[in-house]
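Subject: Handover of a structure for your study

Dear colleague,

Please find below the structure that I am handing over to you.

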Amino acid sequence: MKVLVAVKRVIDYNVNVRVKSDNSGVETANVKMSMNPFDEIAVEEAVRLKEGGSASELICVSVGGQSCQETIRTALAMGMDRGILVKTELTPDDELQPLAVAKILKALAGKEDAGMVLMGKQAIDDDSNQTGQMLAALLGWPQGTFASKLSLEDGAIEVTREIDGGLETVSLDLPAVVTADLRLNEPRYASLPNIMKAKKKPIDTLTPDELGVDVTPRLKTLKVEEPAKREAGVIVADVAELVGKLKNEAKVI
Ligand code: AMP
């Protein structure tokens, strides 16, 4: 079974994101970029599937500018076999939207005859949490979103999902789309020899046009603003003072 893994290049999760002075978006110039953390988890899970003998070939895909090659190389160093860069100059957190990415992944899943698409539950730049669900709908495949455990048996896959009330386990027929949640696994660090080996692994470059996908944005961002500053807290002397403040100042009890 071939497994396709989607890896997005995003602002590193340690970076303090700044809004541009004209409120048109966030500053990405000279900012450290990394693989979306949930996608690292998806890559790790795919590598484990191959190590366990359930996957035959692992293909990672990134949609974006030329610099996404770096993200693909990281995934290759973690154990993916080959990469595909779908090149577009649209900005990744605004103009390149989940529906367009889902259509691209659909085209690639068909082209590669993938048995499973693994991806992150959400990209930490746009926080959309939409691409996996849209992809499953477009393909007509079952979806296991927010996966915290995954096991494969005879053409079906059991996915334990993190939901509000606890954990839910669903069984999906393959092919299927699975999106990774935080607790699915702990991604490995790429070793130096694997980083060197990854330099020789193939990366194909395609365009959305070549895949027959129209990536024109459907949504327009009107304004991006910093969240309101939180007011400083106060320390109360005792429970009576706390209850008094909740009653008379916050008026919540
Ligand atoms: P989102 O729906 O934007 O929160 O993204 C969910 C997941 O879709 C991400 O964790 C990635 O696995 C995948 N994805 C979204 N955008 C891209 C992209 N430009 N390139 C590759 N994968 C992407």
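**The ligand and its surroundings**

The ligand sits in the largest cavity. A cavity is a set of points, on a 1 Å grid over the protein atoms alone, where a 1.4 Å probe fits but cannot get out; a molecule sits in a cavity if more than half of its atoms lie within 2 Å of its grid points.

Please note that this is a predicted model, in which local features need pLDDT of at least 70 and side-chain atom pairs count only at pLDDT 80 or more, while totals for chains, interfaces and linings use all residues. Residues are numbered from 1 along each chain as its sequence is written, and side-chain values use heavy atoms, with hydrogens and water left out.

Which residues come nearest to the ligand? They are Asp39, Ala123, Asn129, Gln130 and Thr131, out of 19 residues around it; a residue is counted as near if one of its heavy atoms lies within 4 Å. By class, this shell has eight nonpolar, eight polar and three charged residues. Here Ala, Val, Leu, Ile, Met, Phe, Trp, Tyr, Cys and Pro count as nonpolar, Asp, Glu, Lys and Arg as charged, and the others, Gly among them, as polar.

Strand 4 gives the largest share of the shell, three residues. Strands are DSSP runs of E with at least two residues, numbered from the N terminus.

- A side-chain N or O atom of threonine 131 lies 2.7 Å from a ligand oxygen.
- For alanine 123, a backbone N or O atom is 2.8 Å from a ligand oxygen.
- A polar backbone atom of serine 128 is 3.3 Å from a ligand oxygen.

Taken alone, the ligand exposes 490 Å², and the protein buries 99% of that; the areas come from the Shrake-Rupley method with a 1.4 Å probe.

**Other local features**

Phenylalanine 146 belongs to strand 7 (residues 143–153). Leaving aside residues up to four places away in sequence, phenylalanine 146 touches Lys121, Asn129, Thr160, Arg161, Glu162, Thr179 and Asp181, where contact means heavy atoms within 4.5 Å. Threonine 179 is 33 residues from phenylalanine 146 in sequence, yet their C-alpha atoms are 5.6 Å apart.

Yours sincerely

How values were computed
A polar contact is a pair of N or O atoms within 3.5 Å; within protein, one must be able to donate a hydrogen and the other to accept it, and residues adjacent in sequence count only if both atoms are side-chain atoms. On a 1 Å grid over the protein atoms alone, a cavity is a set of points where a 1.4 Å probe fits but cannot get out, and a pocket is an open set with protein on both sides within 12 Å along at least five of seven lines; lining residues have an atom within 4 Å of a point. Helices (H or I, at least four residues) and strands (E, at least two) are DSSP runs, numbered from the N terminus.
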